[in-house]
Amino acid sequence: MSKPLPYSVKDIHYDNAKFRHRSPLKVFSQSLLTLNTKRNYASCSTWKFLIVILFFGLACLMLMSKSPNDSSANEKGKVTFVGGLRLGRLLRKPPRLPPRLSPDEGQLRGSSTYGSNSDPKWAARQQSVKDAFDYAWSGYRKYAMGYDELMPISQRGVDGLGGLGATVVDALDTAMIMGHNNIVSEAGSWVEAHLLERISQKGQVNLFETTIRVLGGLLSAYHLSGGEQGATNMTHNGPNPAVYLNVAKDLADRLLSAFNSSPTPIPYSDVILRDSTAHPAPGGMSSTAEVASVQLEFNYLSTVSGDPKYSTEAMKVLAHIKSLPKTEGLVPIYISPQSGEFVGENIRLGSRGDSYYEYLIKVWLQQGAKLNSDFTYLYDMYTEAMKGVRHLLVRKSIPNGLVFVGELPYGSKGEFSPKMDHLVCFLPGTLALGATKGLTKEKALAENLLSFEDLENLKLAEDLAKACFEMYEVTATGLAPEIAYFHTEEYSEDGLEGGNKSSMYAKDIIIKHADRHNLLRPETVESLFVLYRITKDTKYRDQGWQIFEAFEKYTKVKTGGYTSLDDVTEVPPLRRDKMETFFLGETLKYLYLLFGDDSVIPLDKFVFNTEAHPLPIRST
């Protein structure tokens, strides 16, 4: 970005270039004094004499000119006219000129309102996403209501997440945000009628998945429906907000057994809901991301319930991890509830590692950021970790230089792997959020809030978002695989391109046969949404629309709902028979917000949990 000039060129005509006014008399007298008369008027040159005449002529013209609203009134608050001259016009100060902007900043300001809902193109595209949500819900309601997930091709439901009707709760706040009042009524009524009973009767659930999807969905619905005087501008059908809160408390009380049963601050991974007991996963290990990604939900529950026990137990995890050794802020993906120590050396930002880093910055933001010094350690851990990412995990592909994040399967002293899960595509959005704290880049720059490191992270966010989008572009379907490898000088494989030979990055991205499926994941559109909100660059909207069109073309099922794909590199693609809950809870929500107005769920007022359920920031 070119450095902006401090003032306009015109500013040099003001006294000391500080915008101080010089009266016409002062201009005239100083001009006379600067003439080199050498005490002899007769020695003036002809051009100097002409300058004097010119000044007298201009003065006469000004005195003779009449105001179009001539008045002799001299009332209080009015300007006096003398000989038809408005004295205020002579005596007024010249306007202060705004600082000149660099070309980059000028484009930023010029695009600040582009594409809002007043733009019919984006309003229509947002409506298309709303229609897709309605289509997905109608398929679920018809064939799988009350089940966790829809199998749209088989036209039946399946319980793969504990049998708590996960799609109902995951989709509820999306329907609220979209203003789908009929769906809000249907989903809310189901929660009121069935969920408490389900919770009391069901067996094993995963602490992490149940917290982010069900507990997070209930708490977001509580706030958006007007609980604690939340989003009272949203009027929805459905039960009283207290219903959502009461169910959330009952569920959380049972989930607390994962913390209370463990001998260390690290909770067990699995909970038996009906008898409120917990046990470790097979093998005894918990995922680092899972134990460190329940804090947003438990913190908010403590805030609205008035009971600190939820937050206390959840925050012990992060305080404990703070004390453990790390590799430049990076941590292994497994941790033991028995010893409280990390297990193994595998470092990655994909599965089992991802949301640990996400929650460091988001929990800090949720708790009021700089207003609450008790949580500064979280920001410090996040900052150190992002330095470690840039130093140890970021590489460029060949031949075209896509920036990507790889893995260290054997720690920092082991071999680097150019493998990047689609899950890693949460990182561009998190980096951007961490840089500006939810403000637009324009505002953060204007208020001098961005450090050099923030600018580095924002640049990395945009570079990584490009790599994530190109994972879609290189395939025949325009949809990303679950995992991609990047061609580097140390690693290459032939014959594993994505199927789109026209992509300039076809040789940069390698897609292995086992990794070619697409699960309707949200991470890339999540980052596009955050980056659009922060940078106002409309390319992120365009990319989001392109991805949405590919979902519509290849994953929509004629009888209702959308399905995962088995191979994105072939057309027509083989289909898997599953509509994940996060397609309604995350993917369509982020696309809807991407095409909508920034005032809906503003990033400086809300944080999204890792299942896209918005929770209010404490100070707001």
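Two strands pair if DSSP finds at least two bridges between them. Strands (E, at least two residues) and helices (H or I, at least four) are DSSP runs, numbered from the N terminus.

The model is predicted: local features need pLDDT of at least 70, side-chain atom pairs count only at pLDDT 80 or more, and totals for chains, interfaces and linings use all residues. Residues are numbered from 1 along each chain as its sequence is written, and side-chain values use heavy atoms, with hydrogens and water left out.

**Exercise 1. Find the bridge partner of Y485 in β15.**

Step 1. Start with the sheet. Its three strands lie in the order β13-β14-β15, and the sheet is open with antiparallel pairing.
Step 2. Find the edges. β13 (419-421) and β15 (509-510) each have a single partner strand, so one side of each has no neighbour in the sheet.
Step 3. Go to β14 (residues 483-486). Two bridges join β14 to β15.
Step 4. Read off the partner. Y485 is bridged to I510 of β15.

**Exercise 2. Which residue of β6 stands opposite Q204?**

Step 1. Order the strands. Another open sheet runs β5-β6-β7, with antiparallel pairing.
Step 2. β5 (204-206) and β7 (277-279) each pair on one side only.
Step 3. Neighbouring strands here are turned by 30° against each other on average, direction ignored.
Step 4. Three bridges link β5 with β6 (residues 270-272).
Step 5. Q204 faces I272.

**Exercise 3. Describe how α20 packs against α21.**

Step 1. Two packed helices are described by the angle between their axes and the distance between the axes.
Step 2. Take the values. The axes of α20 (residues 539-554) and α21 (residues 581-594) come within 9 Å and cross at roughly 140°.
Step 3. Classify. Angles under 35 degrees count as roughly parallel, over 145 as roughly antiparallel, 65 to 115 as roughly perpendicular and the rest as oblique. Therefore α20 is oblique to α21.
Step 4. List the contact (heavy atoms within 4.5 Å). From α20 come Y540, R541, G544, F548 and F551; from α21 come F583, T587, L588, L591 and L594.

Methods: Axes fitted to C-alpha atoms, helices over the stretch in contact; angles between N-to-C directions.
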